Every structure is written in C-alpha cells, then in structure tokens.
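Thanks for making the time, everyone.

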Amino acid sequence: MVKKNIQKMAFVNPYGKNVKEIKYFIYKIVDVLLNRSSNAEKFPPLPKNIKNFDKFNLNDLPISESKILKQIKIIINNSMNASNPYYLGHMDSLPTTMSIVGDIICSTINNNMLSKETAPILTEIENKVTKNLANKFNLGQDSGGVMLAGGSLSNIQAIALARNRILGSFEKGLIGLKRKPYIFASEESHTSIQKAAMVLGLGTKSVIPIQTNADGRMKISDLDKLIRQKIKDKGFPFCIVATAGTTITGSVDDLNEVSKIADKYKLWMHTDAVYGGALTFSDKFKNKLSGIENSDSISFNPQKWLYITKTCSVLLLKNKKYLYSDFFTPLPYVMKNKDEYHQGEITLQGTRYPDVLKLWLSLQHLGNFSYSEIIENSFKYTNLFKKKLLEINNIKIACEPQMNILCFRYEVRNKNANENDLLNLNLQKFLFKKHNIFFSVVKYNNLRWLRGILLNPFFNLRHIKKICLNVSEFTKDDKILKSIRSND
C-alpha cells in the first residue's frame, strides 16, 4: 500500500481514485502549451533574459501543484521557441501533432525498448518501421535497422560496426593490430565522427579530413589520394563517411563517386544523412541522394526535417545481420525464443525510449505525400530567400544552397575579413534583439556567416520580406555602422 502521506497526485492511482484531479492539472498545462505554440510568432525565438532561475533549487519537502504550475510556466517562457517561423538558426523544428501525442502515450505507458518483454508491440513496430525506411533508401532485401537517441549515437554505432567488421575487433579489440586504422570524412563532416573515433579507441587523429570544393562537397580526388597515401604508409583505411547534408551549408557529397572509392579499396561506406536523409520522401529531390543505396550504413534523424519530437534517430544497415555477428551482446535477464534477438542486445543503448511510436504515428498521419510537399516548399522558399537577399547591396552567400540551408553575410569593401566578421556578428544581434529574428553564426572558409535553416513549414514570403527589409535597414543605417566602426 502507498502511504497516505504521499501527495495525492504523485502518481496516477491504478484504481482511478484521482483521475479528476490529474486531468484538471494536465489540462491546465496543455492550455499553457497550446497558447504558447499557437501564438508562437508573438514570443521571441529565444529568451533574451532568463529570469526567476533562483526559484529552481531542490526542496526537501513537497510543494503544491499550483507552485509547480508556476515553475512550469517559467520554464516554457524561457525555452527555445522553434514554432516561431523566425527561429532559423538551428536544425530544430516545431513538432508534428502526432509526435506530441506519441510522447504523451510513451511517457504514460513507460515501455522500455530493451526487449520484447518490456515493449511487446512497440518492438514489432520498430522492426517494421526500420525495415520500411531501409527499403525507402533501396538498401536491399537483407537490410534493416535500429533506433537510437540522436544522430551522434547512430554515427558511433555505425563506425563501431565498421571497426568490428573490417578490423575484426569485436572480441579482441584493437590490441595486436599491426597497422593504424583510419576513417576518411569531409572536412565539413559532423563532430560526432571525431567523437566516435575517440570513444572507440581509435583516437581523433584517425579521422582524416578530406578537402571540399566551392559547394562544400568532398573532393573525390583528395579522398582517393589520401587513402592511397595511408596505405603506402602502412596504415589501415577501413571506413569512409560521406555526408548528405552538412551541418553548416547542407551540402551533399557525391555519393556515387564515394561508393566507387569504397569499392575500389574495400572500405565500409557510412553515409551521415542525419539531416538530408529526409529527401528520400521527396519525389522531386530524392535524386540528390543518388548513390546512398550503396552505403553499408546510413544514419538518419527524423527529429529534424520530418518534425518528430526529440529524440528520434535511425541507424540503417544494408546487412542487418552484422548487428548480430559484430555487435550482439546477450541479455541474461529476459526470455526469448530460439534465434530471436532483443533490441537491447544489438543497440548501443540498453534502456531506450519508444521513439518509434512518434515516428510511426506521424508517418501514418502525414504520409509520404504530405512530407514530399513540405520538403519541396522548403526548397521553393530557400531559393526565393536567396534571390531576395542577393538584391541587397553587399550581401554574399557562402555557396549555392543544396537544401533548405542558406549561409549569407554582409561585406563592406573597405573592411578586412575580421572587421566584416564583427559586422556580421552585429547584424545577427541586431536582427535578434530588435526584430526577434534568430540566425546562428557559423564559421565557414574561415569567415563568419549567418546561417538560416528554413525548416518551419509555415515560413513563407511574408517572413522573407520582413527579414530582407530588416537586413537592409542594418546595411543602410549610418548610425549602426559608425557605432560598429568605433568598436573595431
């Protein structure tokens, strides 16, 4: 028996004795959330000053639901507001309705994707969804995958599989290897590749950066040259990481040419399609991923361009059997039939949140048709945004956008690179503080750029006009420029 002095609403009573009170409290929170989300543009994309943080110390004694509600409101008001179409700085999106519903369900039933015993039907749904996604990427009849909490974990497990498979290190590790192993990745690849090398005992210097061209794509000639060089130096190249949607510019490596190099040297090809993998849902633009079907593994994050609540990441494999031959670690505390595997035996994580339900519900609700329409609209407005920005004097773009990511900067001719960098930092602050428009600032080709990621499906021409008007205001305001000059 739960003691009577435990607060009445600490748990949902399994005998229904506090349903009325629980509903009332949850409905109040839902009202606050919906008011915030349905009026998102009225609230800034990011909090400008986090207030009342001193109220969040932990207490020894319980506090009332009314005080908890006040704290919840403070948290909501001081959180990133991705539903605002002027939140353009990062790969964070407003969530689909069905992924919100999925989160509510998952948190309430509290299943664990460790095993079939702890998530019976959700395990079956995950197997079905990952197989369907592998088929969308044309990985073949032996393909499949698993879900993990974020793209970094998907990349780490992919490289772990490549290491175990190619280097034979599943049981014996790296001890005794006569040649140093190497991974090859674009100089614009995600930092999780270095993290993977670090945690897998390879060391960050085992990741060889490959030069990129003017469009931010890996130079195939440089890739081939550096692989040959490492082989000549008695190294052991074992993996190439291609990128389909770099973090800064959204560039897509030439996956067909990368796969030819992987075949030539018998290397594992992993494609980091954490962002760009969503293009497989677009009939018009999926050809940008041509060659991805040759990958041995693919990481893909529906939490980005498919608008699933965080976290939601998928690792897909051309041969799912490698999860069993090169990663399997048995669970001695759950039952299973012969020749059956639990997800916790073949994934980097043990206990896992049922992210698959959010993804499955959203795919059911929107379908490929709606996702294709959303993605194609993103391209439409990215191209229009680029056109309108370039109509402003002295605005430059980093490279031709290959997705819905655009990097731009304002350059004054009589200023050097560092002075123009400062100018763009001030432009970013001006747009945010004065107009509630948020771009991130990134470094690309040793220069500072404002990066816009046009993810929000409600972003349209009205938003483009306002942004360009405010950028023009900055570039034409002598007081602003004089102020910046005086601070140089």
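I will begin with the helices and then turn to the rings.

Please keep in mind throughout that what you see is a predicted model. Two packed helices are described by the angle between their axes and the distance between the axes. For helix H11, residues 355-389, and helix H13, residues 461-476, the axes come within 10 Å and cross at roughly 25°. With angles under 35 degrees counted as roughly parallel, H11 and H13 are therefore roughly parallel to each other, and the crossing of H11 past H13 is right-handed. On the H11 side the contact involves Tyr381, Leu384, Phe385, Lys388 and Leu389, which meet Leu461, Ile464, Ile467 and Cys468 in H13.

Now to the rings, where a search of the whole structure gives 16 aromatic pairs. One of them joins Trp268 and Tyr322 in a tilted arrangement, 6.0 Å centre to centre with 45° between the planes. Trp268 sits in strand S5, residues 268-272, and Tyr322 in helix H9, residues 322-325, so this pair ties together parts that are 54 residues apart in sequence. Both Trp268 and Tyr322 are buried.

For Phe432 and Phe438, the ring centres are 6.0 Å apart and the planes stand at 70°, so that pair is edge-to-face. Phe432 counts as buried because its relative accessibility is 13%, and Phe438 counts as buried at 9%.

Finally, ring pairs link Tyr275, Phe285, Trp305 and Phe379 into a cluster.

Key
Residues are numbered from 1 along each chain as its sequence is written. This is a predicted model: local features need pLDDT of at least 70, side-chain atom pairs count only at pLDDT 80 or more; totals for chains, interfaces and linings use all residues. Side-chain values use heavy atoms; hydrogens and water are left out. Axes are lines fitted to C-alpha atoms, for helices over the stretch in contact, and angles run from 0 to 180 degrees between N-to-C directions. Helices (H or I, at least four residues) and strands (E, at least two) are DSSP runs, numbered from the N terminus. Angles under 35 degrees count as roughly parallel, over 145 as roughly antiparallel, 65 to 115 as roughly perpendicular and the rest as oblique. A crossing is left-handed if the near helix is turned anticlockwise from the far one by less than a right angle, and right-handed if clockwise. Contact means heavy atoms within 4.5 Å. Rings of Phe, Tyr and Trp (its six-membered ring) pair if their centres lie within 6.5 Å; planes under 30 degrees apart count as stacked, over 60 as edge-to-face and the rest as tilted. Buried means under 20% relative accessible area, exposed over 50%, partly exposed in between (1.4 Å probe, protein chains only).
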